[in-house]
Amino acid sequence: MIVTEADYQSCSVHLYQTGDAVEILDQRQLPNRTTMMVLKTAQEFYDAIKTLAVRGAPAIGICAGYAMAVLASQKDTADTKAFRQSMEKDGEYLISSRPTAVNLSWAVKRMLDLISLHQECTVAELQKLMMEEAKAIHREDIEMCYAIADYGLSLVKPGDGILTHCNAGPLATSKYGTALGPLFLGKERGIDFHVFSDETRPLLQGARLTSYELQKAGIDVTLICDNMASLVMKNGWVQACFVGCDRIAANGDFANKIGTSQVAIMARYYGIPFYTLGPRSTIDMNCPTGADIPIELRNPEEIKNMWYQEPIALPEVKCYNPAFDVTDHTLLTAIVTDQGIVYPPFEENLRKIMKAGS
Ligand code: MRU
């Protein structure tokens with residue numbers, strides 16, 4: 001696909017019109033308010049990622065790429081060694097905001113590697129190269145989402161019921177999205193599906209974001225509570241499950257929003273194909289299995305206090321609030337990537353597509 005300036009600007013994360021900041025759609029405010037935020041400092045980028053103003057693995061990666069370029073442009077030194085050291089410090093700080101989605105560290109590393117690769121360049125030249133690289137990360141994500149959407153579409157038939165968990169649509173990525181990509185591309189091509197969106201406790205990405213963006217696009221969507229998925233499957237209303245991913249390990253285990261693994265277990269029970277869809281930037285070949293993926297623990301108040309008029313538990317009640325779980329690769333029918341559909345044996349076949357795409 002040919003990526004236009006309008007494609008970049010329509011994404012939930014993009015370079016601000018002045019070229020020296022990043023503009024994001026504040027996803028915390030949806031679906032009730034459409035609020036844009038302009039980010040310029042390391043602290044602002046950190047907070048936006050940590051608090052989920054920008055969220056979804058690929059969108060976090062795009063934001064981190066631009067953040068590094070914007071922070072680089074603010075460095076007032078001609079000394080390339082000092083420039084590099086300062087960029088490494090910024091990169092470390094950004095990476096510490098969220099641990100699970102590998103796209104964050106992947107994007108930061110890619111920006112730092114660029115500095116290492118161009119040791120002959122002046123700081124001014126490096127600043128320019130870093131801005132171009134950030135834009136390349138963004139462009140590649142748009143292209144990869146299109147490819148994923150196209151491959152994913154080949155797995156389903158018109159009229160199928162698709163169940164999804166969390167939000168892996170345009171808001172979390174760019175343009176088409178990953179898990180929702182086939183549905184948006186299908187809509188463009190006149191192919192209709194019926195989508196069941198798990199609300200996705202505790203932060204309700206499925207309710208606030210997935211049902212919002214599907215409804216706005218005119219795609220038939222029904223919102224369900226997480227504990228209704230089994231019934232919907234049992235009723236025969238689901239022909240495939242499409243979910244996103246935050247990190248795919250070398251053996252095919254993958255981390256995604258908490259609750260994904262129970263969807264996979266139910267899908268296996270009811271004989272429904274279960275797919276994760278993600279770009280190569282989410283595949284971490286340095287992470288051997290799901291047990292090696294760091295899982296983010298978040299504030300218990302998200303469970304007890306966040307969405308109701310009054311707290312739903314006593315303040316002294318203990319809560320366990322992991323933001324992600326790992327789905328075992330044996331529950332996966334296939335992994336849909338921008339390089340094609342990967343079937344078992346995952347270890348061998350993931351290695352092949354990573355090599356082919358490099
Ligand atoms: O905590 P979040 O909202 O950033 O979690 C997001 C998910 O788990 C998504 O499913 C994942 O990032 C894939 S996004 C294309």
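## Ligand between two domains

Domain 1 (5-146) and domain 2 (156-356) both contribute residues to the shell around the ligand, so the ligand lies between them; the domain bounds come from an automatic or database domain assignment. The model is a predicted one, in which local features need pLDDT of at least 70 and side-chain atom pairs count only at pLDDT 80 or more, while totals for chains, interfaces and linings use all residues. Residues are numbered from 1 along each chain as its sequence is written, and side-chain values use heavy atoms, with hydrogens and water left out.

## The shell

The ligand is surrounded by 18 residues, and the closest are Arg55, Arg98, Asp246, Asn256 and Lys257; a residue is near a molecule if one of its heavy atoms lies within 4 Å of it. The shell divides into 7 nonpolar, 7 polar and 4 charged residues, where Ala, Val, Leu, Ile, Met, Phe, Trp, Tyr, Cys and Pro count as nonpolar, Asp, Glu, Lys and Arg as charged, and the others, Gly among them, as polar. At least two shell residues come from each of α3 (57-73) and β9 (254-257), with helices (H or I, at least four residues) and strands (E, at least two) taken as DSSP runs numbered from the N terminus.

## Contacts and cover

In the side chain of Lys257 an N or O atom is 2.7 Å from a ligand oxygen, in that of Asp246 the distance is 2.8 Å, and a backbone N or O atom of Ala57 lies 2.9 Å from a ligand oxygen. On its own the ligand has 410 Å² of accessible area, of which the protein covers 99%, as computed by the Shrake-Rupley method with a 1.4 Å probe.

## Backbone features

Most residues other than glycine have a negative phi, and most peptide bonds are trans. The bond joining Leu30 and Pro31 is cis, with omega about 10°, and Pro31 lies in the loop between β2 (22-25) and β3 (36-39). Another cis bond runs from Pro344 to Pro345, with omega near 0°, and Pro345 belongs to the loop between β14 (340-342) and α12 (346-357).

Lys175, a residue other than glycine, has a positive phi near 60°, and its place is the loop between β4 (161-164) and α7 (181-188).

Methods
A polar contact is a pair of N or O atoms within 3.5 Å; within protein, one must be able to donate a hydrogen and the other to accept it, and residues adjacent in sequence count only if both atoms are side-chain atoms.
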